[in-house]
Amino acid sequence: MPKIEFTAPTVKALRENTDTAPGTYFDTKLPGFGLRVSKRTRKFVVVGYVAGKKVWVTQGPSELTLPKARKWAEGVLGDLARGINPNAAKAEQRASAMRLSEALDTYLSDNDLKESTATENRRLIERDLKDWLNKDVKTISRDMVVKRFDKLTERSPAIANHVFWVLRAILNHTRIVTKNDLGEFTLPPNPCDRLTDLKRWHKPQARKGTVAIDQFPALMDTLAESHDRLDAGTSRKPAKGRSQ
């Protein structure tokens with residue numbers, strides 16, 4: 001892991017230079033204090049140990065000045081030295097009152113999605129689950145999921161699939177980031193799993209004939225769905241006997 005002296009100019013360069021190699025850069029002045037660089041985000045982090053276990057504490061995407069970030073890091077390192085894992089308290093607190101809007105922001109922030117994919121995911125949730133955004137994640141029930149899925153299906157099976165694929169990914173991520181210090185989930189199982197239990201997911205169907213004007217929104221959602229699945233790493237294997 002690269003180490004450099006954190007100064008206002010060096011941190012600014014790490015934050016703003018698009019050619020900065022991804023990785024975690026650590027300060028030579030304050031051991032354990034670093035800046036994590038990914039393709040799309042820059043996050044201050046602290047790395048230490050509690051009971052012999054390595055702990056990463058993330059400050060999150062921020063425009064904190066270096067002095068304020070260093071002060072934050074010193075406080076975290078002090079907690080770790082006393083055997084206090086800030087992630088444990090944060091996980092319990094976040095799980096108890098995290099709203100869907102925050103879960104969406106966290107999911108998009110923590111995952112290096114293409115800008116177009118992130119924009120589309122946000123659009124779907126804010127459009128079709130708008131009335132859920134201020135609900136605590138723990139209150140989203142299996143029954144709510146099934147009823148809304150069926151309602152969206154009336155408009156378009158492809159849209160229903162796409163919206164709840166995104167919601168399932170958000171809630172899976174939220175369950176992970178809100179685990180307690182023992183690695184135990186603090187949120188109930190993903191309510192979207194009920195769609196699998198009931199075999200509600202719609203199978204893609206080949207479109208035949210022409211596309212009417214009022215069918216274009218559903219078509220665009222289907223195309224976006226295919227794009228996102230490819231972006232997630234899925235690919236088709238070539239048929240046997242064909243050259244690659």
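These legends describe close-up views of a predicted model.

**Figure 1. Overview of the predicted chain.** The chain holds 9 helices and 5 strands. Read from the N terminus, the order of elements is β-α-β-β-β-β-α-α-α-α-α-α-α-α. The chain has 244 residues, and 39% of them are buried. Among contacts with a separation of 6 or more, 59% link residues 24 or more positions apart. The accessible surface is about 14,900 Å². Carbon and sulfur atoms account for 53% of that surface.

**Figure 2. The largest nonpolar core.** This core contains 32 residues. Leu-100, Ile-125, Phe-164, Leu-167 and Ile-170 have the most contacts inside it. Four helices each supply at least two core residues: H4 (100-110), H5 (115-128), H6 (142-155) and H7 (157-177). The top contributor is H7, with 8 residues. In soluble globular proteins, nonpolar side chains tend to be buried together.

**Figure 3. Leu-167 and its contacts.** Which residues does Leu-167 contact, leaving aside neighbours within four places in sequence? They are Leu-100, Ile-125, Leu-129, Trp-132 and Cys-192.

**Figure 4. Helix H6 and its packing.** H6 has 14 residues. From first C-alpha to last, H6 reaches 21 Å. That is close to the 20 Å expected at 1.5 Å a residue. Which residues of H6 are buried? Val-145, Val-146, Arg-148, Phe-149 and Leu-152 are. The buried residues of H6 pack against H5, H7 and helix H8 (193-197).

Figure 5. Strand S3 covers residues 33-37, and strand S4 covers residues 42-50. The two strands run antiparallel and are joined by 5 bridges. They form a hairpin, with 4 residues between them. Phe-33 has Val-46 of S4 as its bridge partner. S4 is mostly covered, with 8 of its 9 residues buried. In a regular strand, side chains alternate between the two faces of the sheet.

**Figure 6. Strands S1 and S2.** S1 spans residues 3-4 and pairs with S2 in the parallel sense. The pairing has 2 bridges. Lys-3 has Phe-26 of S2 as its bridge partner. Why is S2 (residues 23-27) described as largely enclosed by the rest of the structure? Because 4 of its 5 residues are buried.

**Figure 7. Glu-120 in helix H5.** Glu-120 is found in H5. Is Glu-120 buried or exposed? Its relative accessibility is 13%, so it counts as buried, the cut-off being under 20%. The side chains of Glu-120 and Arg-123 are joined by a polar contact of 2.8 Å.

**Figure 8. His-173 in helix H7.** His-173 is found in H7. This histidine counts as buried because its relative accessibility is 15%. What does His-173 touch, not counting residues up to four places away in sequence? It touches Thr-106, Tyr-107, Asp-110 and Asn-111.

**Figure 9. Ala-51, a loop residue with positive phi.** Ala-51 is found in the loop between S4 and strand S5 (53-61). Its phi is near 55°, a positive value in a residue other than glycine. Most residues other than glycine have a negative phi. Ala-51 is exposed because its relative accessible area is 83%, and the cut-off for exposed is over 50%.

**Figure 10. Lys-199, another loop residue with positive phi.** Where does Lys-199 lie? It sits in the loop between H8 and helix H9 (216-231). Lys-199 is not a glycine, yet its phi is positive, at about 55°. With a relative accessibility of 76%, Lys-199 counts as exposed.

Notes:
Residues are numbered from 1 along each chain as its sequence is written. This is a predicted model: local features need pLDDT of at least 70, side-chain atom pairs count only at pLDDT 80 or more; totals for chains, interfaces and linings use all residues. Side-chain values use heavy atoms; hydrogens and water are left out. Buried means under 20% relative accessible area, exposed over 50%, partly exposed in between (1.4 Å probe, protein chains only). Contact means heavy atoms within 4.5 Å. Accessible areas come from the Shrake-Rupley method with a 1.4 Å probe; for residues, only the protein chains shown count as cover. A nonpolar core is a set of buried Ala, Val, Leu, Ile, Met, Phe, Trp, Tyr and Cys residues joined through side-chain atoms within 4.5 Å. The expected span of a helix is 1.5 Å times one less than its number of residues. Two strands pair if DSSP finds at least two bridges between them. A polar contact is a pair of N or O atoms within 3.5 Å; within protein, one must be able to donate a hydrogen and the other to accept it, and residues adjacent in sequence count only if both atoms are side-chain atoms.
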